[in-house]
Every structure is written in structure tokens, then in C-alpha cells.
There are 2 protein chains.
Amino acid sequence: MSTLTLPKSPREVRDLIRSNEWRGVTSGAAPGYVQANIAILPRDVAFDFLLFCQRNPKPCPVLEVVEAGRFEPAHMAPGADLRTDIPRCRIFEDGQLVGEQEDISSIWRDDLVSFLLGCSFSFESALVNAGIPLRHIDQGKNVAMYVTNVETTPAGVFSGPMVVSMRPVHHSQVVRAVQVTSRFPSVHGAPVHVGDPGALGIKDITRPDFGDAVEIRDDEVPIFWACGVTPQAVALNSKPSLMITHAPGNMFITDWRDEDYAVF
Amino acid sequence: MSTLTLPKSPREVRDLIRSNEWRGVTSGAAPGYVQANIAILPRDVAFDFLLFCQRNPKPCPVLEVVEAGRFEPAHMAPGADLRTDIPRCRIFEDGQLVGEQEDISSIWRDDLVSFLLGCSFSFESALVNAGIPLRHIDQGKNVAMYVTNVETTPAGVFSGPMVVSMRPVHHSQVVRAVQVTSRFPSVHGAPVHVGDPGALGIKDITRPDFGDAVEIRDDEVPIFWACGVTPQAVALNSKPSLMITHAPGNMFITDWRDEDYAVF
């Protein structure tokens, strides 16, 4: 089902997901509302993971933490249920993908702590609203993502390189792109680098580690933002006994507007 | 010893403290550098406290968390030692003040987690630099602080009202005061309220709950900022078996400049 026919309220979209009337990639669903990356981990590693996010706020901007024993993100989406309201989840055991599930009620445990992390959809809307075209969206592709040589700041069992996403921007719009995304520190915020892929240890910009390559034209500058794949990659690095994430693109839709998270 | 004769580098000031050559209120020491509120708690409540800070970033802006077994704030002040480099600490047991110590090495335990939280000294410097006079500084007083009827968002064992500080600002400078402090979200940031003490449940503005009263003139507006006393008050509310804090005004001096924490 196309997302274009979805209702526009976050709660209505979540209700359709919960009742299995619609599930899918949430790009374009409930436009203007914040969507969240999801990481669900056992309580015994929750402090380390929260600390990892605190130390690495650009790749891991925390929107909400739902404590063990609960599954309602009462701040971001009162009444929602993380067990049923994410379109599709991935289940990892000891760092290995063991399956995907639409509804995770059957595997839910009372010791699971849920992290809602900011997602680039919010700042991409801001860029498009500011008149800065995004090629991967225009071409219906996934954004290009690269593993860098920039180490995150470790915390407990969690460590690993930062993953970035890249968007080519016309040189006349680079300053504006920095300004626009700087307004949204809770959803990755300002770029981590402008211009030189080599400065981040990226050897071949035409071969992203995740997502799809896009052309960089002669009058364009590649801009790099910290990417929400980072916390997932870092968490899996540590091989937790259980980790549940959203499936790529299948985000949790919150009740807050992108603009609520703008600093000015 | 007056702080006016202190060296200007944070490390030099910390070295004087560690060697017992100087201890005291750090206002004016190492000008331009971030000073931190300190809260040290046992590991068993550390996740809840970090989560409390994440949920209440205005009163509880986390600068760094030093994990159990360590006492060096490696991010904010490499080489420093929290056991010896805070001018004076307060020791609380089961929520009760049981003593003050300059050097806490003798009571240090391997299960203690240390929180460095932003302090209003940073945004006060920004206000003064912007030409906005602060009466309590001009009069050599402590800032006026009030317990409000605004509840913080609880986390685990931690809950309680937000404490705010109040500074009177000439009506022509209110907008500028909001703008200037909005640049510093890591050190309490934008005001939580402008104008009406009653809106925060403050019954008598002339009687602060902590600190000293200051006059509010007819052409001035009271502006309220979230205050770093909040996390301390909330933590003590929960009567932790042990909690160590800095003594009032006896902050930990970091190696980062205030301007490093400006968002723009």
C-alpha cells in the first residue's frame, strides 16, 4: 500500500499498523512528524548504551528511553505500544540477525529497555523545505552511508566507528544546508564534515557501505552527517544476548512535529 | 585567597587545589572556562540518574559521566582527579548531610559513578559579555533560587520539583537575554519562563528558597532559568545510601571554554 493514501495523524498511522491494516517503509507517512530509530536492549547493558548515546549525541540523539517493564513511549507518543506499533522489527541474538517480526509481543520481556533515537527524515524535510534538493529522494534511492575512520567515544561494552550519510549539495547552498540542519541537534543536527571524503577515511565515494550511491556533480560538495546506523552497528558489535531494532526504513512514528525539535 | 590572584589556566587552578595551595568558591577562577556541578552516586542508581538527566536536560545538562572505577573526567579535563580537584565536597548519607571534605580520596569507592553537569556560570558570562548586567553579581550576592510547582519528569527513584534561578533584566534587553542564553543548551540554556513568578507557583519573589533576594525594578522583567540545584535536590529526595556533591560555589573547573558549548 502506498504511503500516499495514509492518514496524516501519527496516531492514525500507528493504529493502522497495530491493527495490521498497513505496514511498510514510513518515509512520507505522517509528514512533518518526527520518526524514531529504535534500539531495544536488555537492562544489563542499558546504562552503558545510554552513556554511549550521551557521549555520542550526533550519531545517537536520544529522544526517549522507555524503562524496563514498560512499552509505552509516554513522552513521544502517549498511548502507543512499541510491541505492536513499529511496522517491522529485526531480532538479533548475540549480534546475529535471527529474524524479522511485525509484532514483537510474543518475544517481549520485562527486562527490555527501549531507546528512541532521532532519525534523518526530520532534517531532510528541513533541507527540502529550505529549497535544497536531495538527490536520493528525487531518484527514489536509499541515502548513501559510509563507515568512517572516526571512532565514537566508547562506553562500557559499546565502541566502534561512526557511520555517516552523504548528500551532495550545490556549492551555493552549502552554508544554508549547514544552517538549516544545525537547528535540529536532536535528529543528528549539523554536518560532521563538509567536502573531503578522504578526511573521514572514505576511500571510494562511489561505493557506499550501506544504501545506494548517488552522483556528485562538479558544482556540488558532498556533505556528511552522523547517521543513525551508528548506534545499531555499535550495539551489534558488542554482541548483546538480545537486541531488537526497527527494520530499515520501518520507523516508529511519534506525535511530535519536526519543528518542536528545532532549537530556534 | 582571592580568586583574582589565581592563574588563568584550568589545569593550573586544579593543580593548586590538588596540592592544597588554594581552595574556595570558583566564581571568577579560570575565566571563560566551563565549570561543572558535581553529583557522585553509587552504580546501582546511576542508570536512573542518567535517565533523569536525559529527561530533564534544562535543569540537568550532562557534560560528562565518569564510569564506576574511574575518577578522571577524560573528556572535560584529561589528567584531572575528581577525588582531589574539587575545592570542597559535601557528603550525604541516606539524604542527610553528614559532612564536608576537601579531598574525598579516603571515602572513594569503586562503585561510584560521577556526573558533571552544566553550571550557570557559563551563561552568566555570556549575558555579561552581551552587556546585560546581573544584579546579584554586581552586589556580590548568590543568585536567587526558587522551588517551583513545575514537576520534573521522573525516572526510576528520582522525582521532584524543578528549581529555578531568577535574574531581573531591563525590559529593553529581555529578547537579547533569551537569545544569548539559548546559545548554551549544555549549561541550562534558554529561560524556562519570562515575566510572571506566579506562573511557576512562586508566591513571594522577595523570599527565595535558596540564595539571596535581589530587587526587581519597575522597568525590569524577572527571567527564570532552570537551576543546577534541581538534580541535587531530586537526588537527595530519593535518599541514596551515599551521594557526594560539590559544596555550593566550589565547582569543578574543566578544560573546555564556554564558547565551545555554544550551539552557534
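Predicted model: local features only at pLDDT ≥ 70, side-chain atom pairs only at ≥ 80, totals over all residues.

Residues are numbered from 1 along each chain as its sequence is written, and chains are lettered from A and ligands numbered from 1 in the order in which they are written.

**Interface between the chains**

- In total, 13 residues of chain A are in contact with 13 residues of chain B (contact: C-beta atoms, placed from the backbone, within 7 Å).
- Helix 2 and strand 2 (62-66) of chain A are the elements that give two or more residues to the side touching chain B (helices are DSSP runs of H or I with at least four residues, strands runs of E with at least two, numbered from the N terminus).
- The largest share of that side, 5 residues, comes from helix 2 of chain A.
- By class, the side of chain A that touches chain B has 9 nonpolar, 3 polar and 1 charged residues (nonpolar: Ala, Val, Leu, Ile, Met, Phe, Trp, Tyr, Cys and Pro; charged: Asp, Glu, Lys and Arg; polar: the others, Gly among them).
- The copies meet through the same surface, because 100% of the interface residues of chain A are also interface residues in chain B.

**Helix 2 against helix 2**

- The axes of helix 2 (residues 46-55) of chain A and helix 2 (residues 46-55) of chain B come within 9 Å and cross at roughly 35° (axes are lines fitted to C-alpha atoms, for helices over the stretch in contact, and angles run from 0 to 180 degrees between N-to-C directions).
- Ala46(A), Phe47(A), Leu50(A), Leu51(A) and Gln54(A) meet Ala46(B), Phe47(B), Leu50(B), Leu51(B) and Gln54(B) there.

**Strand 7 of chain A**

- In strand 7 (residues 161-170) of chain A, 7 of the 10 residues are buried (buried: 20 or more other C-beta atoms within 10 Å of the residue's own, with C-beta atoms placed from the backbone).
- Strand 6 (residues 144-151) of chain A pairs with strand 7 of chain A in the antiparallel sense over 5 bridges (pairing: at least two bridges found by DSSP), and Tyr146(A) has Val164(A) as its bridge partner.
- Strand 9 (residues 220-226) of chain A runs antiparallel to strand 7 of chain A and is joined to it by 7 bridges; here Val169(A) stands opposite Val221(A).

Terms used. Contact = placed C-beta atoms within 7 Å. Buried ≥ 20, exposed ≤ 12 C-beta atoms within 10 Å, placed from the backbone.
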